[in-house]
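Open the structure in your viewer and keep the selection tool ready. Each stop below says what to pick and what is there.

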Amino acid sequence: KQKTAYELAQRLVGSEMCIRDRSWTALGAGLNGGSPITRYSLKWDAGASTTPSVEIYSGLATTTTITVGITAGVTYNFIYAGENKYGLGGYSAIVSLRVPATNPSAPAAPTTAISGNSVQICWTAPASTGGSNIINYNVFVKDKADATYKQNPTQCVNPDINSRCCSIDTLIVMSYYHLVTGDEVKAKVSAINNDNLESAQS
């Protein structure tokens with residue numbers, strides 16, 4: 001049976017991936033089972049995290065490009081084998097390629113409400129995580145003094161990612177953000193995924 005050796009590289013183009021051979025070795029004497037190779041077979045798992053079973057290339061080229069649809073943050077597995085007149089040789093070990101994640105989309109604009117001696121800020125999860133789990137949110141409140149949105153160093157830091165709510169003491173709201181009784185509390189939120197990519201502010 002033939003033995004195979006190969007290496008795959010990836011190039012991202014929008015939502016597609018070009019699978020490019022960089023060392024697709026033609027299987028000559030000693031590797032071709034004593035008979036010329038008649039075709040090569042490349043399979044992938046289409047991102048299913050299983051043994052590759054879907055053939056995406058069949059031919060004699062030793063340098064080729066295959067364009068397939070991909071999803072950010074997903075890992076794709078590939079295997080490769082050569083075939084001669086005696087049949088298909090054993091497939092190679094799996095080669096895995098992870099498509100880089102992208103920035104999450106911005107969460108919807110948060111709501112603010114007085115709750116006891118605190119201002120509670122709540123928001124919804126972003127529509128897109130960028131292909132990587134959301135692990136944190138940054139919360140910004142508008143400072144009346146200069147009209148900029150700022151994070152407080154002690155309040156609403158590392159908020160609960162499941163409830164997506166946090167509270168800021170009203171004394172902090174007044175002293176740090178220069179708001180007074182009757183002022184509207186305006187907030188923005190950004191999401192951070194597991195690849196440490198941050199969304200725009202809501």
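Start with the whole chain. Its accessible surface comes to about 10,500 Å², and 50% of that belongs to carbon and sulfur atoms. Accessible areas come from the Shrake-Rupley method with a 1.4 Å probe, and for residues only the protein chains shown count as cover.

A word on the source. This is a predicted model: local features need pLDDT of at least 70, side-chain atom pairs count only at pLDDT 80 or more, and totals for chains, interfaces and linings use all residues. Residues are numbered from 1 along each chain as its sequence is written, and side-chain values use heavy atoms, with hydrogens and water left out.

**Colour by secondary structure**

The chain has 1 helix and 14 strands. Both are DSSP runs numbered from the N terminus: helices are H or I with at least four residues, strands are E with at least two. Of the 202 residues, 38% are buried. Buried means under 20% relative accessible area, exposed over 50%, and partly exposed in between (1.4 Å probe, protein chains only).

**Select residues 134-142 and 187-193**

These are strands β11 and β14, which run antiparallel and are joined by 7 bridges. Two strands pair if DSSP finds at least two bridges between them. Find F140: K188 in β14 stands opposite. Is β14 enclosed or open? Of its 7 residues, 6 are buried, so β14 is largely enclosed by the rest of the structure.

**Select I121, W123, V139, V141 and I168**

These residues have the most contacts inside the largest nonpolar core, which has 17 residues. Such a core is a set of buried Ala, Val, Leu, Ile, Met, Phe, Trp, Tyr and Cys residues joined through side-chain atoms within 4.5 Å. β10 (118-122), β11, β13 (165-169) and β14 each give two or more residues to this core. β11 gives the most, with 4 residues.

Stay on V141. Among the residues that V141 touches are I121, T148, I168, Y177 and A187, not counting residues up to four places away in sequence. A contact means heavy atoms within 4.5 Å.

Next, pick L42, I56, I66 and V99. They are included in a second, separate core of 14 residues.

**Show the cysteines**

There are 2 disulfides, each a pair of cysteine sulfur atoms within 2.5 Å. Select C122 and C165, joined with S to S at 1.9 Å. C122 lies in β10 and C165 in β13, so the pair ties together parts that are 43 residues apart in sequence. C122 is buried at 18% relative accessibility, while C165 is partly exposed at 23%.

Now select C156 and C166, with S to S at 2.0 Å. C156 lies in the loop between β12 (149-150) and β13, and C166 in β13, so this pair ties together parts that are 10 residues apart in sequence. C156 is buried at 9%, and C166 is buried at 10%.

**Show the charged side chains**

How many salt bridges are there in the whole structure? The search finds 6. A salt bridge is a side-chain nitrogen of Lys or Arg within 4 Å of a carboxyl oxygen of Asp or Glu.

Select E83 and R39. Their side chains meet in a salt bridge at 2.3 Å, N to O. E83 is in strand β6 (residues 75-84) and R39 in strand β3 (residues 39-44), 44 residues apart.

End at K150. K150 meets D143 at 2.9 Å and D146 at 3.2 Å. D143 is buried, at 0%, whereas D146 is partly exposed, at 39%.
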